[in-house]
Amino acid sequence: MGNAWRRAAASTAIAVVATVTAACAPIVANDAAGLQNCHKESLATLYPGIFTIGTDQPAYPPWYMGDDPANGEGFESALAYTVAAHLGYSRDEVHWVRVPFNGALEPGPKTFDANLSQFSITDQRKAAVDFSSPYFDVTQVVVTMKTSPAARVRSMVDLKKAQLGVQVGTTSHTAAIEIVGEDPIEVYKTTADAKVALTTGEVDALVADLPTAFAVAGELRGGMIVGQLPTRSQKVEQFGIVLDKNSPLTRCVSAVVDELREDGTLARLEREWLAQAGEARVLN
């Protein structure tokens, strides 16, 4: 939801899946060529010597804290500065811009060099933008309030009787449709709008990624986690950094993400910012 709470589903058809998949394949950072020429002096960014990073507005915890991506707090904010540092950019050489979630995935020139907004990597999206190597594995979760009828949901049979809210164009939206179908789902422009709908009783529950769902539950009066949606495929949903299609930066950003996974940095950032998400039971 891909939401804070996102992540991502698609609106454009694939013309050349095989070509795109090969172009966006993860780069192994310990390959001799992995980080060659991946320093700011060699990188073709929008503005020389500046690394411009985009995110949605508002930006939610635990991905960003206080709706201030520049403070370095939250999983994606901290990760963004870490990636920038590995490319040779100091903190004051990182510039943030706000970009609507769906707008960042549209074809055409970008106002950012890289964007972290809980974008799930999908083949359809790869037709319009580049993705870095994945930096987070995603689980979709149902969140509600104790006063809602959905608080009594214990199974998928129960869930299909509930009215669900999701942000349009996200993988949370896609996952909800796959599980319960179109009818019991209300779509909203932003997760904030969906959250308002939950508090007013317009919907019974929301679908969001696991860390976001726990953050939302903490923000709501009487908020609670109902459970995880079961996975319908063997393919794990993953978040990736979005870049312009065929960006000259994609190789270097992917190489850094691979290095951060190998040296344990991604795991450390997850423990620091996402550990409070805990676990949620799977609805059967």
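1. Glu93 and Lys40 are joined by a salt bridge, with N and O 2.7 Å apart; the term stands for a side-chain nitrogen of Lys or Arg within 4 Å of a carboxyl oxygen of Asp or Glu. Helices (H or I, at least four residues) and strands (E, at least two) are DSSP runs, numbered from the N terminus. Glu93 is buried at 19% relative accessibility, and Lys40 is buried at 19% as well. Buried means under 20% relative accessible area, exposed over 50%, and partly exposed in between (1.4 Å probe, protein chains only).

2. The model is a predicted one, in which local features need pLDDT of at least 70 and side-chain atom pairs count only at pLDDT 80 or more, while totals for chains, interfaces and linings use all residues. Residues are numbered from 1 along each chain as its sequence is written, and side-chain values use heavy atoms, with hydrogens and water left out.

3. On confidence, the average pLDDT (the predictor's confidence in each residue, from 0 to 100) is 86 for the protein, and 86% of the residues score at least 70. Residues 1–32 have a pLDDT below 50. In the model this stretch still has 125 contacts beyond near neighbours in sequence, a contact being heavy atoms within 4.5 Å.

4. The salt bridge count comes to five. One of them pairs Lys195 with Glu219, with the closest N and O atoms 2.8 Å apart. This pair also links distant parts of the chain: Lys195 belongs to helix 7 (residues 191–199) and Glu219 to helix 8 (residues 210–219), 24 residues apart. Glu219 is partly exposed, at a relative accessible area of 36%.

5. Another salt bridge joins Arg261 to Asp258, where the closest N and O atoms are 3.4 Å apart. Both residues lie in helix 9, three residues apart, about one turn of the helix. Their accessibility should be noted separately: Arg261 is partly exposed at 39%, whereas Asp258 is buried at 7%.

6. There is one disulfide in the structure, the term meaning a pair of cysteine sulfur atoms within 2.5 Å. Cys38 and Cys252 form this link, with their sulfur atoms 2.0 Å apart. The angle about the S-S bond is -80 degrees, and the link is left-handed. Cys38 lies in the loop between helix 1 (17–23) and strand 1 (51–55) and Cys252 in helix 9 (residues 250–262), so the pair ties together parts 214 residues apart in sequence. Cys38 is buried, with a relative accessible area of 5%, and Cys252 is buried at 3%.

7. An open sheet of five strands has the order 8-7-9-6-10, with mixed pairing; two strands pair if DSSP finds at least two bridges between them. Strand 8 (185–188) and strand 10 (223–228) are the edge strands, each pairing on one side only. Neighbouring strands are turned by 35 degrees against each other on average, direction ignored. For such angles, axes are lines fitted to C-alpha atoms, for helices over the stretch in contact, and angles run from 0 to 180 degrees between N-to-C directions.

8. Within that sheet, strand 6 (residues 140–145) and strand 9 (residues 205–209) run antiparallel and are joined by four bridges. Gln140 stands opposite Asp209 of strand 9.
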